[in-house]
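User: I would like to go through the charged side chains in this model and then a few individual residues. Could you take me through them?

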Amino acid sequence: MARHHLGARALTIGAAAALLGPIALAVPAGAGQAQGSHGLDLRGRTGLAVAGSARASSGEVASSARKAVGSAQGRKAAPRSATSGRVAASTLGSVSLSAASVEGTSPSLTTQAAPQAVAGTCADGTIDVNPMADRTVVHATSPINGALTLQRLREYGSWRTIATGSGTTLKVNDTTVNENVSYQYRLIAKNGTDPDFDCSTEFMYGMWTRDGAGDPDAVVAGTTGIFQQGMFSVGSRAVANEYQSPRYSTDGRLYAATKVIDDATGRAVLEVRRASSSALVFTVDLGTGAFPADPDFSPDGQTIAYTRYAADTGRSLGLGFVDVFGPHTKTVLDTTTRIGEPSWRPDGTSLVVSTFGVTTPGLAVVTKATGVVTPLSGTAGGYTPEVAPDGTILFGWTADDQSSSALRRKATSGAVTPVRTSTTDFFISPRLTPDGTLYVERDTPDTADPTSYSMAVHYVDPANELDDEVTAVGLEFEDTLINGWDVRQPQSKGTSDFTAEAHHDIVARDSSGNLYAYRNTGNQLSGRVQIGSGWKSYTAVLAAGDLTGDDQADLVGRDANGALWLYRGKPTGGFSARTALGTGWNSYTLVAPGDWNGDARADIVARDGAGTLWLYPGTGRGTLAARVQLGTGWGGLTIVGTGDIDFDNRADLMTRDSAGRLWIYPGNGTVGFLARRQIGSGFGQFNAMTMTEVTWHRPLLWVRTTAGELVSFELRGDGVFSPGDVYSVGTGWGGFTLTS
């Protein structure tokens with residue numbers, strides 16, 4: 001990947017043509033100019049990706065680049081011994097395809113037949129797969145011209161057709177697969193009635209990882225558009241146009257990027273789009289005199305900070321802010337020091353910024369309320385800061401004479417240490433994922449042509465530099481000059497992760513009103529953490545998912561007067577002071593399905609005393625919008641908010657009827673249901689039921705027997721029980737209330 005490097009900080013330009021074009025600024029603030037001079041402030045990022053190639057600048061991508069789930073990679077059998085804490089339920093006997101003995105009764109589990117055989121394995125390049133957090137883009141190429149069918153199999157389910165066409169190629173944006181499970185694709189081509197070509201991918205794909213966090217994915221801005229991609233796959237263009245400085249929202253459901261409208265006049269706006277579809281949500285337009293760039297979402301996900309740049313000179317005019325929700329109100333922050341490249345601190349009231357036009361450019365802290373700028377010691381020559389949740393600052397740095405560059409870390413203690421150093425490469429734009437994984441862009445000069453650079457995004461291994469890996473970020477099907485990138489690692493909107501371990505926990509209240517989160521690893525419950533006390537007076541407790549748009553699990557409680565209260569989860573653990581959600585909820589049964597209506601916000605579903613089912617859409621701001629009726633006749637059912645149980649990337653509900661039969665009501669991704677399916681019977685004997693979303697590539701149904709034993713049932717395929725995967729989790733659960 002070649003990069004044409006102009007040393008743009010050294011440029012003195014009075015026209016925006018050079019400003020908004022893909023000029024490179026992988027160098028530090030003072031590169032090529034005297035300290036304190038007034039050069040260009042906007043730090044662009046450029047690079048040429050080789051069309052159709054999956055090679056990084058080193059000529060290859062790391063061996064893990066496929067990130068497919070083969071027979072060995074990441075799929076060792078889950079431990080099932082007493083040592084692991086999960087043994088076959090002694091009171092259940094052997095639960096397999098159809099029956100098992102539970103206290104004298106036999107629950108029947110609907111399971112699934114083995115999938116249809118496929119002719120063979122596809123050759124490389126036949127089916128190219130680009131998995132991301134919320135969808136997968138598939139490019140299929142047939143060796144023959146004919147009628148094409150693309151099929152997909154999810155987690156050992158059935159082959160199902162997801163697209164058809166004619167000719168030799170198919171491109172599919174597959175939004176109906178849960179990226180936390182394993183799946184593979186199959187291409188069938190026909191000239192007549194019989195298949196002339198039939199093959200499937202060698203590997204199963206998926207974004208899940210053993211630690212529960214999942215693989216991150218990336219958004220890339222370039223001269224020909226916005227591209228999205230997995231870290232180990234070739235990117236797919238989502239929007240056509242020239243863009244710069246993309247940034248994901250706190251919960252990964254949105255991204256913001258600067259759209260270049262006119263290079264000649266410096267006309268540009270900031271667009272905020274949905275990450276799942278790239279649909280435009282709103283635009284920040286500063287008029288013809290300035291443009292916004294370098295966006296960063298606040299820790300609570302409610303506000304975007306950005307740099308305001310003068311359209312004619314490219315100099316920073318200070319920071320701007322816009323509300324993500326509501327009327328998108330804009331405010332400005334003018335400071336005596338020119339600042340830009342904001343990165344929010346964990347407190348949400350101040351930001352770390354780069355400084356321009358001062359004697360010693362570097363990093364500083366600016367307070368949003370006052371505009372006071374305080375330089376940070378030890379950061380002279382620093383740029384493009386990234387603030388970690390604990391307040392640690394990562395940043396690029398280059399020596400005044402450009403003889404060396406480094407990725408540096410400033411700890412909360414004030415100590416500054418190098419993470420990586422180089423006498424050839426420039427470091428820029430460090431990025432942290434929620435699980436603490438660090439990535440950084442490295443720009444390498446061409447020894448034959450000092451004005452030409454290659455760029456690559458590297459994974460930074462915390463223990464050993466020799467284990468750093470080049471990712472595929474920046475590789476697209478189209479030639480493009482790269483103008484910035486970002487990564488995300490979003491949790492489900494139905495998250496119940498209260499122990500900061502990325503898996504979905506079980507929340508239970510004891511008879512004294514103490515609230516506990518039981519760590520769910522997908523293989524066992526590995527201990528508990530007390531997350532609250534004094535909850536005895538609440539008549540309902542709900543693990544409500546992320547109602548506040550900050551990628552943290554929240555709790556909802558209903559008091560004896562029928563008032564509903566929201567407890568916002570904090571990244572550091574615990575909850576913020578409760579806020580009111582409403583009154584008059586005493587007659588309602590509440591469940592939390594995650595994002596029911598497909599708007600990337602967590603919702604609440606409630607059944608009233610008359611048996612009418614209602615959707616209360618979440619706003620993403622910790623409030624609920626006007627309710628929508630989902631159905632009638634739901635009285636007498638036990639309702640469980642399952643999240644996505646059939647792996648189609650849409651929230652579902654599970655019910656148990658008065659006869660003990662278990663039903664799945666698949667959500668349609670908007671405000672309705674697909675046809676219900678019975679998946680079991682004999683479940684009337686259990687006195688409590690709850691569900692956790694996909695954890696370690698499987699969702700789990702948890703039930704409690706009358707003897708107080710907690711038992712888990714694994715599901716797989718397209719939402720059916722996994723044969724034989726029924727396990728005793730423990731005893732002594734009779735005195736606990738399980739959350740909905």
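This is a predicted model: local features need pLDDT of at least 70, side-chain atom pairs count only at pLDDT 80 or more; totals for chains, interfaces and linings use all residues.

User: How many salt bridges does a search of the whole structure find?

Analyst: The search finds 26 salt bridges. One of them joins aspartate 217 to arginine 488, with the closest N and O atoms 2.7 Å apart.

User: Where do aspartate 217 and arginine 488 sit in the chain?

Analyst: Aspartate 217 belongs to strand E9 (residues 217–222), while arginine 488 belongs to strand E32 (residues 482–488). The two are 271 residues apart, and the pair links distant parts of the chain.

User: Are aspartate 217 and arginine 488 buried or exposed?

Analyst: Aspartate 217 is buried, and arginine 488 is buried as well.

User: Next, which residue does aspartate 296 meet in a salt bridge?

Analyst: Its side chain meets that of arginine 247, at 2.8 Å from N to O.

User: Why do arginine 431 and aspartate 486 count as buried?

Analyst: Buried means under 20% relative accessible area. Arginine 431 has a relative accessible area of 10%, so it is buried. Aspartate 486 is at 4%, so it is buried too.

User: Which residues are linked in a network of salt bridges?

Analyst: The network links Arg247, Asp296, Glu386, Arg431 and Asp486.

User: Let us change topic to the backbone. What is the phi of asparagine 241?

Analyst: Asparagine 241 has a positive phi of about 155 degrees, although it is not a glycine. This residue lies in the loop between strand E11 (236–239) and E12. With a relative accessibility of 26%, asparagine 241 counts as partly exposed.

User: What about the phi of serine 429?

Analyst: Serine 429 is not a glycine either, yet its phi is positive, at about 55 degrees. Serine 429 lies in strand E28, and with a relative accessible area of 1% it is buried.

User: Where is glutamine 491?

Analyst: Glutamine 491 is found in the loop between E32 and strand E33 (506–509). At a relative accessible area of 17%, glutamine 491 is buried. Apart from neighbours within four places in sequence, glutamine 491 is in contact with Arg253, Asp497, Ala502 and Asp551.

User: Finally, which strand holds arginine 519?

Analyst: Arginine 519 lies in strand E34 (residues 515–520). Its relative accessibility is 22%, so arginine 519 counts as partly exposed.

User: What joins the side chains of arginine 519 and glutamate 501?

Analyst: They are joined by a polar contact of 3.1 Å. Arginine 519 and glutamate 501 are 18 residues apart in sequence, and their C-alpha atoms are 7.9 Å apart in space.

User: What else is arginine 519 in contact with?

Analyst: Leaving aside neighbours within four places in sequence, the contacts of arginine 519 include Thr499, Asp505, Gln524, Leu525 and Arg528.

Methods. Residues are numbered from 1 along each chain as its sequence is written. Side-chain values use heavy atoms; hydrogens and water are left out. A salt bridge is a side-chain nitrogen of Lys or Arg within 4 Å of a carboxyl oxygen of Asp or Glu. Helices (H or I, at least four residues) and strands (E, at least two) are DSSP runs, numbered from the N terminus. Buried means under 20% relative accessible area, exposed over 50%, partly exposed in between (1.4 Å probe, protein chains only). Contact means heavy atoms within 4.5 Å. A polar contact is a pair of N or O atoms within 3.5 Å; within protein, one must be able to donate a hydrogen and the other to accept it, and residues adjacent in sequence count only if both atoms are side-chain atoms.
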